[in-house]
Structures are given as C-alpha cells and as structure tokens.
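Dear colleague,

I am handing over the structure below, and after it I set out what was found when going through it. Please read the notes with the structure open beside them.

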Amino acid sequence: MLRIVPTATGVRVSIRVQPRASVDEIAGAHGDALRIRLTAPPVEGAANDALVDFLASVLGIARRDVTIVAGSTSRSKIVELTGITEDRVRALLDT
C-alpha cells in the first residue's frame, strides 16, 4: 500500500522514479512507494523538475506546492504536497 503521511500543511508521499522512460506515467506501486516513469534524463535536475511538473499536473496543484524533501539525487524520493489531503491524493493517483 502506498505510504502517504499527513503533515500540518498537506502530505508526504514516497516516490520511486524511473528516468528515461518512453512516456511520463504513474506505473503503480514499488513497495510502499509510488512508481513514476519520466521521459527526462537524470542529469542536472531534469528528472526532478519533470517529477514536480508531472505531480502538479496530475494532482491539479501549483508547482510551488510540490517539494522534493529527500532523495534529490536518488531514484527514491520523498515529496511534500502542500494544500491537499491524503484522501484526495489517493483518489487522484488511483491507489
């Protein structure tokens, strides 16, 4: 089951990123993390920028409300989403 931790201002979600994929998409679960495939390469923060853009678009929140709080140089990341509830995230991500 996807690990989503409520915070005072939103939630934190565990993410596993697969860079250089053929398409940007949510690819299901990877343990307790959400696997996201991105076309961007893992160079000079391109995959991190693509992840922030992708999550903001899918969840319907502003880009400024998506922050990578851990794992900026790793495929495993923790992302903080501001202004959204756990139930809303689960519903939008279909988990």
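In this predicted model, the count of salt bridges comes to five. One of them joins Arg37 to Glu25, with the closest N and O atoms 2.6 Å apart. This pair links distant parts of the chain, since Arg37 belongs to strand E4 and Glu25 to strand E3 (residues 25-30), twelve residues apart. Glu25 has a relative accessibility of 28% and therefore counts as partly exposed.

Another salt bridge is formed between the side chains of Arg63 and Asp49, at 3.6 Å from N to O. Here too distant parts of the chain are linked, with Arg63 in the loop between H1 and strand E5 (66-70) and Asp49 in helix H1, 14 residues apart. Arg63, at 41% relative accessibility, counts as partly exposed, and Asp49, at 43%, counts as partly exposed as well. These two residues also belong to a network of salt bridges that links Asp49, Asp53 and Arg63.

Within helix H2, Arg90 and Glu86 lie four residues apart, about one turn of the helix, and they form a salt bridge whose closest N and O atoms are 3.2 Å apart. Arg90 counts as buried because its relative accessibility is 16%, which is under 20%, whereas Glu86, with a relative accessible area of 25%, is partly exposed.

The side chain of Glu80 makes a polar contact with the side chain of Arg12, at 2.8 Å. Not counting residues up to four places away in sequence, Glu80 touches Thr7, Thr9, Val11, Arg12, Asp65, Val66, Thr67 and Val69.

Turning to the nonpolar part, the largest nonpolar core has 24 residues, and those with the most contacts inside it are Val13, Ile15, Ile36, Leu51, Val66, Leu81 and Val89. The elements that give two or more residues to this core are strands E2 (10-18), E4 (33-37) and E6 (76-82), together with helices H1 (46-59) and H2 (86-93). The largest share, seven residues, comes from H1. As for Val13, the residues that it touches, leaving aside those up to four places away in sequence, are Leu2, Arg3, Ile4, Lys77, Ile78, Val79, Leu81 and Val89; among them, Leu81 and Val89 are also listed with the most contacts inside the core.

With best regards

Conventions: Residues numbered from 1 in each chain as written. Predicted model: local features only at pLDDT ≥ 70, side-chain atom pairs only at ≥ 80, totals over all residues. Heavy atoms only, no water. Core = buried A, V, L, I, M, F, W, Y, C linked by side-chain atoms within 4.5 Å. Buried < 20%, exposed > 50% of the residue type's maximum accessible area, 1.4 Å probe, protein only. Contact = heavy atoms within 4.5 Å. Polar contact = N/O pair within 3.5 Å; in protein donor to acceptor, adjacent residues only side chain to side chain. Salt bridge = Lys/Arg side-chain N within 4 Å of Asp/Glu carboxyl O.
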